[in-house]
Amino acid sequence: MTDTSQHSASFVRTETIPERAPPLAASGPVKWMRENLFATPANSVLTIVAAYFIYLILAGTLPWLLNGVWSTDSLSECRDVLDGAVGACFSVLTERWNQLLFGFQYPSELYWRPGLALILLFIAGAPVLFFDLPRKLLIFTALYPFIAYYLIWGGALGVPVLALVGCVAGYLVYRRFVTGNFAIGFFGGIVAAVFVWILGGLLIPENANETAMMTAVPSRDLGGFMLNMMLGVTCVSLSVPLGIVLALGRQSSMPLIKWICVIFIEFIRGVPLITLLFVASVMLAYFFPPESTVDLFLRVVIMITMFSSAYIAEVIRGGLAALPKGQYEGADSLGLDYTQATRLIILPQALKISIPGIVNVAVGLFKDTTLVSVISMFDLVGMIRGPILASTDWGGVYWELYGFAALLFFVVCYGISQYSQWLERRLATDHR
């Protein structure tokens with residue numbers, strides 16, 4: 001026994017074995033490549049083919065990008081600088097950046113006004129997009145549309161103030177009557193706002209813009225990417241509440257309200273957007289009084305808002321249909337009326353379910369704002385197709401200009417997509 005213990009003790013390690021790194025194939029980049037790129041023979045072949053195509057693309061584009069020229073005044077000067085070498089003429093972006101962003105008619109000394117409006121847009125949208133911020137900031141969000149209008153268009157201060165007073169009057173009437181009847185409160189608010197606008201419009205003199213503190217800029221002078229942003233933000237902001245109303249109206253138990261909403265949604269969804277834009281440009285003015293001159297920007301906003309609200313209404317209707325019947329029964333068991341049940345229980349859940357669809361419509365709408373170029377509105381694409389490519393200095397420069405336009409739209413649309421994914425993770429819509 002003693003002899004066995006002595007022999008066993010001689011094989012016991014007295015020091016700690018030092019930590020050793022894992023095998024090279026079991027960790028780090030090699031492990032990631034084995035699992036994601038070369039997991040099977042088929043995956044290996046596809047990875048090699050994809051890498052070859054990426055090499056072909058980069059071999060063709062990198063010399064063009066890295067050898068770009070940024071400081072010439074025309075395409076002929078750019079070609080002289082390149083002297084037959086492969087390279088892009090990015091000088092068109094540095095020389096025409098103001099037209100690409102603000103159009104060719106917006107006064108250059110007033111560029112600070114739409115720039116300031118864009119900065120204030122982020123401040124106004126922050127409490128809506130990020131609900132952890134103080135709710136008092138929503139006051140500035142409510143005032144922002146009128147501030148932005150005054151900054152971009154300028155002119156008489158009474159116009160945005162009158163628009164604000166009309167909205168406040170409509171809201172007060174809505175709050176007064178909505179507790180008794182939702183329809184009376186809703187339509188009563190609209191009538192009150194229109195009444196204030198018509199009455200206040202008579203008090204503003206016709207030559208008010210000539211003596212205004214801020215120089216008036218007509219809508220026909222708006223252009224460039226600023227026009228795309230204005231149409232996208234305005235139409236999305238208006239189409240979401242209108243889409244909610246249409247979705248609720250389509251599920252209403254009142255046949256007249258239901259069929260009006262059904263006919264509106266199905267008719268608008270059955271017509272291409274470009275047709276509605278031609279209607280806004282040519283025919284919509286016939287529906288207004290003969291002496292009225294309705295702005296083309298306002299007509300386009302009306303048509304794009306109607307178009308997108310019909311699609312958003314269907315998305316929200318899907319969210320309403322996805323709610324279990326018990327939610328409606330739970331609201332009834334609590335003694336809530338229709339307005340309270342819709343506002344507190346039904347709509348929050350339906351909107352949470354509808355977030356991906358609403359974002360999809362918003363991204364598509366923002367990209368569709370380029371269609372206004374077909375009715376002679378010089379947005380970003382219209383500026384490229386019209387004044388820039390038609391000029392003798394930059395005729396023939398396509399890739400640089402359209403690549404810049406694609407980059408701007410990608411940044412905005414990718415940002416919207418990333419925000420929606422963050423919002424879904426925050427609300428955990430797939431786990432509740």
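Is Tyr111 buried or exposed? Tyr111 is buried, at 14% relative accessible area. Buried means under 20%, exposed over 50%, and partly exposed in between, with a 1.4 Å probe and protein chains only.

This is a predicted model, where local features need pLDDT of at least 70, side-chain atom pairs count only at pLDDT 80 or more, and totals for chains, interfaces and linings use all residues. Residues are numbered from 1 along each chain as its sequence is written, and side-chain values use heavy atoms, leaving out hydrogens and water.

**Aromatic pairs**

The structure holds 18 aromatic pairs. Rings of Phe, Tyr and Trp (its six-membered ring) pair if their centres lie within 6.5 Å; planes under 30 degrees apart count as stacked, over 60 as edge-to-face and the rest as tilted. Two of the pairs are tabulated here.

| Pair | Centre distance | Plane angle | Type |
|---|---|---|---|
| Trp97 and Tyr111 | 6.2 Å | 65° | edge-to-face |
| Phe410 and Tyr414 | 5.3 Å | 20° | stacked |

Trp97 is partly exposed, at 43% relative accessibility. Trp97, Phe102, Tyr106 and Tyr111 form one aromatic cluster. Phe410 is exposed at 51%, while Tyr414 is partly exposed at 45%.

**Charges over rings**

A charge sits over a ring if NZ of Lys or CZ of Arg is within 6 Å of the ring centre and within 35 degrees of the ring normal. The charged end of Arg176 sits over the ring of Phe177, 5.2 Å from its centre. Arg269 lies over the face of Tyr311, at 5.6 Å from the ring centre.
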